[in-house]
Amino acid sequence: MTGTLRAEGVRDPLDAADVARRVRDGRALDARDALAVLRTPDDATLGLVAAAGVLRRRHFGSAVKVNYLVNLKSGLCPEDCTYCSQRLGSAAQILKYTWLQPREAIEQAARGIQGGASRVCLVASGKGPTDRDVGRVAGMVEQLKAGHPDVEVCACLGILKDGQAERLRASGVDAYNHNLNTAESKYQDICTTHDYADRVATVQHARRAGLSPCSGLIVGMGESDEQLVEAVFALRDLGSDSIPVNFLMPFDGTPLAGTWELTPLRCLRILAMVRLACPDKELRLAGGREMHLRSLQATALEVANSLFLGDYLTSEGQSAEADLAMIADAGFSILGHDGGAAASSPAVRRRGAGTDAAPNA
Ligand code: SF4
């Protein structure tokens with residue numbers, strides 16, 4: 001009777017282990033079960049995590065993929081995304097700057113790699129890049145790859161125009177991030193200067209150019225459970241290879257200031273739903289994990305298999321040292337660094353600046 005409704009409208013308890021078994025056997029999570037996952041009672045949520053965790057271990061073992069953000073260009077954006085500290089008219093106290101010099105960008109990336117990152121995410125604020133911007137980023141990527149041939153590079157530059165994804169791919173970029181952020185039915189509430197279809201088109205463009213699509217969510221913006229399911233199923237349909245989940249950080253000076261909807265257990269249920277919907281996809285803890293998951297961050301790694309190390313784009317995260325200790329304490333290893341030895345000295349900077357990969361960051 002998993003996830004079904006009785007005639008009188010009372011939902012039977014979700015048999016999370018049964019749902020996970022069916023997903024393991026190749027049956028896609030359906031909307032009814034996805035909603036039941038989100039509505040799991042608090043006292044059954046750790047059982048849900050254990051069930052979803054079976055899929056995480058099946059596909060990713062005990063590895064945690066570490067990603068590192070480099071904020072190439074911060075603030076000063078003409079778009080009006082309500083959640084973003086860099087939006088038009090934002091009064092949030094963030095650093096604002098135009099493009100980092102290539103040397104500075106590569107030095108920052110190298111610090112993240114030293115800290116254990118196997119993917120570097122190069123992010124710039126704005127609606128989308130000019131061809132000159134793409135050339136600038138391509139040059140940085142060529143230099144970065146020359147020094148660190150094994151590192152994955154993801155670019156996050158906004159909505160792409162014809163030929164730009166191909167130019168990035170040719171320079172060595174491996175992946176492109178462009179988050180759907182929320183459901184199509186919610187999108188008009190969070191942005192009026194571009195639309196949901198623009199976002200879908202850019203993810204598709206990146207994929208056609210041979211870039212691995214990275215697209216995820218911001219949760220806690222007033223979306224309903226149904227809209228959360230709608231958004232996650234859209235990511236599944238889009239074939240996103242990696243799914244960052246941001247937990248809204250309601251910056252003062254933005255329209256969503258004061259929006260506090262999430263609890264740590266609610267965050268775990270959302271992550272479990274994403275894992276059950278997309279069992280073999282990289283699921284990444286992104287901006288806001290510290291303030292919303294709080295003491296359950298390590299528990300979240302039982303479901304998610306990836307995180308951003310250290311700071312976000314426009315806000316400080318937990319220190320990189322604390323992230324690495326948390327991963328080790330919970331019995332996980334860092335992807336690409338058996339035993340975590342290479343990640344012993346993160347030397348990661350503190351920051352305050354940023355955009356779209358973790359726009360909430
Ligand atoms: S999310 Fe990106 S496009 Fe939207 S306001 Fe922020 S920087 Fe601009």
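The protein has 13 helices and 10 strands; helices (H or I, at least four residues) and strands (E, at least two) are DSSP runs, numbered from the N terminus. This is a predicted model, in which local features need pLDDT of at least 70, side-chain atom pairs count only at pLDDT 80 or more, and totals for chains, interfaces and linings use all residues. Residues are numbered from 1 along each chain as its sequence is written.

The predictor's confidence in each residue is its pLDDT, from 0 to 100. The mean for the protein is 90, and 90% of its residues reach 70 or more. Over residues 1-10 the pLDDT is below 50, and it stays under 50 over residues 340-361 as well.

Of the 361 residues, 53% count as buried. A residue is buried if 20 or more other C-beta atoms lie within 10 Å of its own, exposed if 12 or fewer, and partly exposed in between, with C-beta atoms placed from the backbone. In soluble globular proteins, nonpolar side chains tend to be buried together. Here the largest nonpolar core has 107 residues, such a core being a set of buried Ala, Val, Leu, Ile, Met, Phe, Trp, Tyr and Cys residues joined through C-beta atoms within 7 Å. Helix 10 (residues 264-277) gives the most to this core, with 10 residues. Leu 271 is among the residues with the most contacts inside the core. Beyond its neighbours within four places in sequence, Leu 271 is in contact with Val 245, Leu 283, Ala 300, Val 303 and Ala 304; contact requires C-beta atoms, placed from the backbone, within 7 Å.

Strand 8 (residues 282-285) has Glu 282 and Arg 284 pointing one way and Leu 283 and Leu 285 the other, and all are buried. Strand 7 (residues 242-247) pairs with strand 8 in the parallel sense over four bridges; pairing requires that DSSP finds at least two bridges between two strands. Leu 283 is the bridge partner of Ile 243. On the other pairing, strand 8 and strand 9 are parallel over two bridges, and Arg 284 stands opposite Ser 306 in strand 9.

In helix 13 (residues 320-329), the buried residues include Ala 320, Asp 323, Leu 324 and Ile 327. Seen down the axis, the buried residues of helix 13 fall within an arc of 95 degrees, so they line one face of the helix; the arc is that of the directions from the helix axis to the C-beta atoms. Their cover includes strand 1 (63-73), strand 9 (306-308) and strand 10 (333-334).

Conventions:
Contact = placed C-beta atoms within 7 Å.
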